[in-house]
Amino acid sequence: MRMPCWNDKYLKTVRILHVYHTAYAGYYYRYSKYSPAHGFNLEEHDEKILLDCFKDYDWAHFWSEVNPSTIREMFHTQDRPIISITNPFGEPIFPNNEKPFDIQFHVSRQAMQKYFRLDKDAWQCENIVSYLPIDTEVFAPKYKERGKDFIVGRTGRPDVWKWDLFTLKVVDGLVREGLAMNAKLLIVGGMPKFAKDYALKQKIPMAASIQYEKRNEDTDRDIAEKLSSADMYVHSSFIGESCGVSILEAMSLGLPVVIRSTPHVDNAPVEYIQNNVNGILVKDVKEGIEAAWKIVKDPELGKCLGREA
């Protein structure tokens, strides 16, 4: 696998024009603002060029309407020596494996390895692993003492494939097994219908939750404020996580996290979570309940995990 070796001098002088994958269009503003997390600065002038080039396009249909060679021509006429793109899923983005860019950022090592398996011409551009950036000022640790309820948080869109019943079953287990009768579930974002139906059927205690449709700076602050009221973050996804932005946000807030490992699908959290150091990785609901119970009965363990996150 070919990996680039950038030096500090190069990083300080290079100018990059970045194109974000349409599937993460809701995070585009964030990448523009926090691109230094990738080691590159996107100047306001560069961002204006990008927006001017595509102001007439619907981002939802961007890749199907714009010819890759047109993108390269448009960008290079702006005298930008390097074009980069973020590939969030580890799959070829353009038809026929065309690459109208110079650098491709992958949101985890696993995503990049997947890409190299699927694209025999992956070597035609530089490939760099760079987790999605988090606003560490907004998602800053807000350590607090526990209240009368033990709040278990979960953030995410109400998409069926981004959910399973793991978090709900962990909270349900804490209550039904008498381990934490005061446990409540906090949902930041939304739940799909099957999860809502399960929560109603099992009568899972719920904390006051918030919903959002699209991410922006205002919703980020609301999400951070609400999620910081949690005592623990528990997460799993049916299709796994190629990066796991919500997990990284919870860790940035200093919350102890309990994450189900998903080795048969995307499983990026195992790259940045050191088990029992800055979070707890589990394989099923039974282990999830046991891990959550450890944090419930030992507040210092929760604080330690959160500090190391």
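Helices are DSSP runs of H or I at least four residues long, numbered from the N terminus. The model is predicted. Its chain has 13 helices and 12 strands. Of the 309 residues, 53% count as buried. Among contacts between residues at least 6 apart in sequence, 67% join residues at least 24 apart.

**The six-stranded sheet**

- Six strands form an open sheet with parallel pairing. Their order is β7-β6-β5-β8-β10-β12.
- The edges are β7 (210–211) and β12 (280–282), and each of these pairs on one side only.
- Helix α12 (residues 285–297) packs on this sheet. It touches β5, β8, β10 (257–260) and β12. The direction of α12 makes about 155° with that of β12.
- Strands β5 (residues 150–156) and β8 (residues 232–235) run parallel and are joined by two bridges.

**G153, a residue of β5**

- G153 lies in strand β5, and its bridge partner in β8 is Y233.
- Is G153 buried or exposed? G153 has a relative accessible area of 0%. Buried means under 20%, so G153 is buried.
- Beyond its neighbours within four places in sequence, G153 is in contact with L186, L227, A230, M232, Y233 and V234.
- S229 is 76 residues from G153 in sequence, yet their C-alpha atoms are 8.5 Å apart in space.

- Helix α7 (residues 166–176) is mostly covered, with nine of its 11 residues buried. Those nine are F166, T167, L168, V170, V171, D172, G173, L174 and V175.
- Two packed helices are described by the angle between their axes and the distance between the axes.
- For α7 and α12, the angle is about 55° and the axes are 9 Å apart. The two helices are therefore oblique to each other.
- The crossing of α7 past α12 is right-handed.
- On the α7 side, the contact is made by F166, K169, V170, G173 and L174. On the α12 side, it is made by V285, G288, I289, A292 and W293.
- By class, this contact of α7 with α12 has seven nonpolar, two polar and one charged residues.
- An α-helix has 3.6 residues a turn, so residues three or four places apart point the same way.

**The α12–α13 pair**

- What angle do α12 and helix α13 (residues 299–308) make? They pack at about 105°, with their axes 4 Å apart. That makes α12 roughly perpendicular to α13.
- From α12, the contact uses K294, I295, V296 and K297. From α13, it uses P299, L301, G302 and L305.
- By class, the contact of α12 with α13 has five nonpolar, one polar and two charged residues.

**Strands β3 and β4**

- Strand β3 (residues 103–106) and strand β4 (residues 126–129) pair in the parallel sense. Four bridges link them.

Definitions and conventions:
Residues are numbered from 1 along each chain as its sequence is written. This is a predicted model: local features need pLDDT of at least 70, side-chain atom pairs count only at pLDDT 80 or more; totals for chains, interfaces and linings use all residues. Side-chain values use heavy atoms; hydrogens and water are left out. Two strands pair if DSSP finds at least two bridges between them. Contact means heavy atoms within 4.5 Å. Axes are lines fitted to C-alpha atoms, for helices over the stretch in contact, and angles run from 0 to 180 degrees between N-to-C directions. Angles under 35 degrees count as roughly parallel, over 145 as roughly antiparallel, 65 to 115 as roughly perpendicular and the rest as oblique. A crossing is left-handed if the near helix is turned anticlockwise from the far one by less than a right angle, and right-handed if clockwise. Ala, Val, Leu, Ile, Met, Phe, Trp, Tyr, Cys and Pro count as nonpolar, Asp, Glu, Lys and Arg as charged, and the others, Gly among them, as polar. Buried means under 20% relative accessible area, exposed over 50%, partly exposed in between (1.4 Å probe, protein chains only).
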